[in-house]
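Here is a short briefing to read alongside the model. Take a look at the structure first, and then we can go through its salt bridges and its cavity together.

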Amino acid sequence: MSNVTSIQSAATTQRRSALKRRLHELAKLGGHREELEIEYAADPLDQVRNGVERDIAVSQLDRQARSVHEVEIALAKIEEGTYGVCEQCEEQISDRRLDAVPWARLCVDCQSKAEARPHEPEMVRFHEAA
């Protein structure tokens, strides 16, 4: 039994390192907030282009913020001792999945079910952001 525990601890240590590296990479990307600046353009085509570029920048910042949040949650779960447990069915998430996606919060089955459901409004899922 202690051999299994030491293997799990080594895997968790490796995943913690991978998560910290990912967090560092995300921090280095920084935000492209200057792309959010609203510029006046006399040409309607330039106005449309600026709007599209701004929308893309907002999407990238949003995706980056969600990634940071997911990594921080995973690191907190490691500290709490709840890392690797599916938030839906409370079963152990497979090592293979955690190796591929160290910030995974759901097992493969629950993730598949979540992706098959119609998307819930953000207000309903707000508890996940906390």
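**Salt bridges and a cavity**

Arg105 is buried, at 13% relative accessible area (buried means under 20%, exposed over 50%, partly exposed in between, with a 1.4 Å probe and protein chains only). This is a predicted model, where local features need pLDDT of at least 70 and side-chain atom pairs pLDDT 80 or more, while totals for chains, interfaces and linings use all residues. Residues are numbered from 1 along each chain as its sequence is written, and side-chain values use heavy atoms, leaving out hydrogens and water.

**Salt bridges**
- Arg105 forms a salt bridge with Glu70, with the closest N and O atoms 2.9 Å apart (a side-chain nitrogen of Lys or Arg within 4 Å of a carboxyl oxygen of Asp or Glu).
- Glu70 is partly exposed, at 23%.
- Lys77 pairs with Glu87 in a salt bridge, at 2.7 Å between the closest N and O atoms.
- Lys77 is buried at 15% relative accessibility, and Glu87 is partly exposed at 35%.
- Glu70, Lys77, Glu87 and Arg105 belong to a network of salt bridges.
- Asp99 and Arg15 meet in a salt bridge of 2.8 Å, N to O.
- Asp99 is exposed at 55%, whereas Arg15 is buried at 6%.

**Cavity**
- The lining of the largest cavity includes Lys77, Trp103 and Arg105 (on a 1 Å grid over the protein atoms alone, a cavity is a set of points where a 1.4 Å probe fits but cannot get out, and lining residues have an atom within 4 Å of a point).

Note on methods: 1 Å grid on protein atoms, 1.4 Å probe; cavity = no way out; pocket = protein on both sides within 12 Å on 5 of 7 lines; lining within 4 Å.
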